[in-house]
Amino acid sequence: YISYLVAEGFQTSAILSLVFCAISMRFYVRHNISHESEQSLHRGGSMLAVMMESTLFFNLGLVGARTLKLYFMKSLPLFILSVLSCLVFRFLIVFTITAYLNKYYRQVAISWQDQFIMAYGGLRGGIAFSLMQVASLGFSATSKVDAYNNYVDEIKGIFLCSTLSLVLFTCFIQGVTISYVVDWIGVKKEKERNKRSAFEETSREIIQEVMMGVRGIVSSKHG
């Protein structure tokens, strides 16, 4: 929580601050708690992550339709530029880092097919939209009253609509086509054990996370 407050005080990314704080503390915390407590924290964190992600996408659905209706055409050039920038820089970063890892660290090199899927399959989700929604860009000269009698910053609306369009593009266009890309470039896949629907997999994962979390809490309290 202190890392979050420090990041907010300096107006930097609180999410990245929490991530690096967790990475740093992991080496010290895991040696000072029991295995049962570690499992409980892991399961509880996973359950909270699923709940928070669902909340973010729920908010995205509520705000997204009105934002697209008002600003889609104005944000179209920025959206195209954002998509191209994300694709170019993601491929550049992935191939650069994996080339370094293959040369100096890995005994089994990461194939170019796997690198391509890592670069192509990166999804920008609801967190980007939520951060853009609460961002303060400092624009006020172009504010106007929309149909809901709320003061709306037009510049921020364009950025928000562009971010939403990018999320939809990566989720639907890249998400739908990635299975065909995997087959096209010949990526090795694990053998499918049991075919389940997306709803069944999600429900099964949530139930497992909750049960393991409760079991870990009970076992740590009562031995």
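Among contacts in the chain between residues at least 6 apart in sequence, those that join residues at least 24 apart make up 71%. The model is a predicted one, and its chain of 223 residues has 23% of them buried. The accessible surface comes to about 16500 Å², and carbon and sulfur atoms account for 66% of that area.

The secondary structure amounts to 7 helices and 2 strands, and in sequence order these elements follow the pattern α-α-α-α-α-β-β-α-α.

Two packed helices are described by the angle between their axes and the distance between the axes. For helix H1, which covers residues 2-9, and H2, the packing angle is about 145° and the axes lie 8 Å apart, in a crossing that is right-handed. On the H1 side, the residues that meet H2 are Ser-3, Tyr-4, Ala-7 and Glu-8, while H2 brings Ala-14, Ser-17, Leu-18 and Cys-21 to this meeting.

A second pair is formed by helix H3, residues 35-104, and helix H4, residues 112-120, which pack at an angle of about 145° with their axes 9 Å apart. The crossing of H3 and H4 is right-handed. Here H3 contributes Arg-90, Phe-91, Val-94, Phe-95, Thr-98 and Asn-102, which meet Trp-112, Gln-115, Phe-116, Met-118, Ala-119 and Tyr-120 of H4.

Helix H6, which spans residues 154-185 and includes Thr-163, can be followed through individual positions.

Is Thr-163 buried or exposed? Thr-163 has a relative accessible area of 16%, and it therefore counts as buried, the cut-off for that class being under 20%. If its neighbours within four places in sequence are left aside, Thr-163 is in contact with Ala-128, Phe-129 and Met-132. Val-182 also has its place in helix H6, and Val-182 is classed as buried because its relative accessible area is 14%.

The last topic is the surface. Ile-15, Leu-16, Val-19, Phe-20, Ile-23, Met-25, Phe-27, Tyr-28, Val-29, Ile-127, Leu-131 and Val-134 together make a nonpolar surface patch of about 1200 Å². Which helices each supply at least two residues of the nonpolar patch? They are helix H2, residues 14-29, and helix H5, residues 126-134, and the largest share, 9 residues, comes from H2. Within H5 one finds Leu-131, which is partly exposed because its relative accessible area is 46%, and a residue can belong to such a patch only if that area is over 30%.

Notes
Residues numbered from 1 in each chain as written. Predicted model: local features only at pLDDT ≥ 70, side-chain atom pairs only at ≥ 80, totals over all residues. Heavy atoms only, no water. Patch = residues over 30% accessible without salt bridge, like charges linked within 9 Å, V, L, I, M, F, W, Y side chains within 5 Å. Areas by Shrake-Rupley, 256 points an atom, 1.4 Å probe, with all protein chains shown as cover. Salt bridge = Lys/Arg side-chain N within 4 Å of Asp/Glu carboxyl O. Helix = DSSP H or I, 4+ residues; strand = E, 2+ residues; numbered from the N terminus. Buried < 20%, exposed > 50% of the residue type's maximum accessible area, 1.4 Å probe, protein only. Axes fitted to C-alpha atoms, helices over the stretch in contact; angles between N-to-C directions. Left-handed = near helix turned anticlockwise from the far one by under 90°. Contact = heavy atoms within 4.5 Å.
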